[in-house]
Amino acid sequence: MGLFDKKNQQPQERNAINDGELKMQLADTALSLLVQGEDYEELADTKCVFGYLFEIEGHGLEALYKIITDKTTAYFAAQGDKLMRLDFNDELFQTTVDGFMDIHGDK
């Protein structure tokens, strides 16, 4: 198949939430954007939680995740080949995840 599925004219998507290597790359990139002293003191107990992670043909990545440090929770979105730090809270994070998964989740 080409760029679009002929049945519904939608780009092909792959739920990549179980792709450990891809998740590690995204987490490492996000960690490099954190500022020591402001976002964390020690990274030893830092956690990365993914809300969703999809690869979309013709678009690239679509991901929403958070890095939880000893000082803060930082939220990130990957769209295409861009990574952005977001001004989110846990409620907005979960609402966004739920909305995305309603549209793109396993059918």
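Analyst: A salt bridge is a side-chain nitrogen of Lys or Arg lying within 4 Å of a carboxyl oxygen of Asp or Glu, and the structure holds six of them. This is a predicted model, in which local features need pLDDT of at least 70 and side-chain atom pairs count only at pLDDT 80 or more, while totals for chains, interfaces and linings use all residues. Residues are numbered from 1 along each chain as its sequence is written, and side-chain values use heavy atoms, with hydrogens and water left out.

User: What makes Glu 55 and Arg 14 a salt bridge?

Analyst: Their closest N and O atoms are 2.6 Å apart, which is within the cut-off, so the pair qualifies. Glu 55 lies in strand 2 and Arg 14 in strand 1 (residues 13–15), so the bridge ties together parts that are 41 residues apart in sequence. Strands here are DSSP runs of E with at least two residues, helices are runs of H or I with at least four, and both are numbered from the N terminus.

User: How do you know what joins Asp 39 to Arg 85, and where does each residue lie?

Analyst: The closest N and O atoms of the two residues are 3.0 Å apart, and they form a salt bridge. The pair links distant parts of the chain, with Arg 85 in strand 5 (residues 82–86) and Asp 39 in the loop between helix 1 and strand 2, 46 residues apart.

User: What makes Lys 71 and Glu 41 a salt bridge, and why is Lys 71 called partly exposed?

Analyst: Their closest N and O atoms are 3.3 Å apart, and that value meets the cut-off, so the pair counts. Lys 71 lies in the loop between strand 3 (60–68) and strand 4 (73–80), Glu 41 in the loop between helix 1 and strand 2, 30 residues apart. Lys 71 has a relative accessible area of 42%, and is therefore partly exposed; Glu 41, at 41%, also counts as partly exposed.

Definitions and conventions: Buried means under 20% relative accessible area, exposed over 50%, partly exposed in between (1.4 Å probe, protein chains only).
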